[in-house]
Amino acid sequence: MDQSKVAEPLRSKFRGDAEMTELVQEFVQELPSRINSLGGFLRAAQFDELRRAAHQLKGAAGGYGFPTISDSAAKVENLLKSALDQSQLEAVNREVQELVDLCRRATAE
Amino acid sequence: MTNAPQNSSNQFPRVLVIDDSPDVHRLLRARLKQEEIEIASVMGGAEGLAEIKNSRPDLILLDLDMPGMDGFEVLRSIKDDAQTVHIPVVVLSGLASPEDKVNAFDLGAHDYIIKPFELTELRVRIRAALRLNFLLRMLSQRAQIDGLTGLWNRAYFDRRVQDEVARVQRHGGALSIAFFDADHFKSINDTFGHPAGDAVLQGIAQVIQRESRQSDIACRYGGEEFVLIMPETNAQDGFAFCDRLRTALESVVWPRHPERKVTVSIGVAGSSNGASLTASAWVEAADKCLYAAKKGGRNRVVLNNLDAPGVQQGQPPMLKAG
């Protein structure tokens, strides 16, 4: 993992928006379990489930004000829309890792 | 009070959200909390269609990319069904390709909102869709209402009488139809002026509306002629009710011409067992009775009891002129 990025927290663009505070907190609290699912699907080579999880994360992250997570999840989803060859599989691994890293940096503070 | 045209209830408009993501439901509820709307949520296309049929929402927010039945399919079903085709659908989607937008609009979508939602845009688009829905409804109701009297108009009567006669033919049951005509109406116009004539038409409409039941359908047929559809009412009851109306109208004192009474002639056709008559035959039978009431001296009710064929004018009791 790129340690330099871990230190740099990722904040919702709705920070300070009273309507959203609680929702953003819930989303951030649920992120570890989403990360677990992503990792689990990848290790088990369950690519349909992985694509679905990435798709939902794309939508949710965008909605809660984390566009970088949303974009990263979109990359995973797009890679999984067609059959995978070896080089694409490596790309999927890379992009999922990138997505997980971004999620770990998210904070509701 | 009769089943006259009414304004829609003053409840908040109901918005149905169909999306497979719980996050979208949560976000929408948070973002639309201040809006004067009532939100219902379902998680899938098939479930959404069932809910639409069941609750007839005022607006549908529809996700396109759902597992199982996707949004395009849901949209197609909504727009294929005469009962739901008029409900505006705003598509919510992260799919932003021009083809998807064109497809959604071709299928009858009212608008398109890209996820993630931009807050103010979301609100104004929903308001705009609800406003359009409100205006369309008002327009379609206005097109069925007689402007002078506020009763249903002729076009509405023509459609509704078909429905009521068809219902009786299918399921049996009673039905009566009555034609009313103001007596010597031309002379009221000629003597007291057209505003007085208009006031008479409004007054007759008011009495009919006030005296009839919720299930009765009061319409202005044209000119000084009115028609009342009385579901679940046999010939005798229809006759008795119309005679009460006749008496009530006879006793009205008209502010513009207190010295001049206004009477009505009424023709009723009724049956207790769903006579196998077409709508036009019912109308014709009632109209003939009206003609007989006029010929018999006006200010009276003439009944044709369709259960007893051959029994025609003035049988049973026919009222004498007042």
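Biologist: What places R31(B) over the face of F14(A)?

Modeller: The model is a predicted one. In it, R31(B) lies over the face of F14(A), at 4.8 Å from the ring centre. A charge sits over a ring if CZ of Arg is within 6 Å of the ring centre and within 35 degrees of the ring normal. R31(B), at 4.8 Å and over the face, is therefore counted. R154(B) is likewise found over the face of Y221(B), at 4.0 Å from the ring centre.

Biologist: Why is the pair of F27(A) and F66(A) called tilted?

Modeller: The search of the whole structure finds 7 aromatic pairs over all chains. For F27(A) and F66(A), the ring centres are 5.7 Å apart and the planes stand at 35 degrees.

Biologist: How do you know whether F27(A) is buried or exposed?

Modeller: F27(A) has 1% relative accessibility. Buried means under 20%, so F27(A) counts as buried. The value for F66(A) is 1% too, so F66(A) is also buried.

Biologist: Why is the aromatic pair of W152(B) and Y156(B) given the class it has?

Modeller: The planes of W152(B) and Y156(B) are 15 degrees apart, and the centres 3.8 Å. An angle under 30 degrees counts as stacked, so this pair is stacked. Both W152(B) and Y156(B) are buried.

Biologist: What makes strand 2 and strand 5 of chain B edge strands?

Modeller: The open sheet of chain B has 5 strands in the order 2-1-3-4-5, with parallel pairing. Strand 2 (38-42) and strand 5 (111-114) each have a single partner strand, so each has one side without a neighbour in the sheet. On average, neighbouring strands are turned by 20 degrees against each other, direction ignored. Helix 4 of chain B packs on this sheet, touching strand 4 and strand 5.

Biologist: How do you know that strand 1 and strand 3 of chain B pair?

Modeller: They run parallel and are joined by 4 bridges. Pairing requires at least two bridges, so strand 1 and strand 3 qualify. Within strand 3, L62(B) is the residue opposite I18(B).

Notes:
Residues numbered from 1 in each chain as written. Chains lettered and ligands numbered in written order. Predicted model: local features only at pLDDT ≥ 70, side-chain atom pairs only at ≥ 80, totals over all residues. Heavy atoms only, no water. Helix = DSSP H or I, 4+ residues; strand = E, 2+ residues; numbered from the N terminus. Axes fitted to C-alpha atoms, helices over the stretch in contact; angles between N-to-C directions. Contact = heavy atoms within 4.5 Å. Phe/Tyr/Trp six-rings, centres within 6.5 Å; stacked < 30°, edge-to-face > 60°. Buried < 20%, exposed > 50% of the residue type's maximum accessible area, 1.4 Å probe, protein only.
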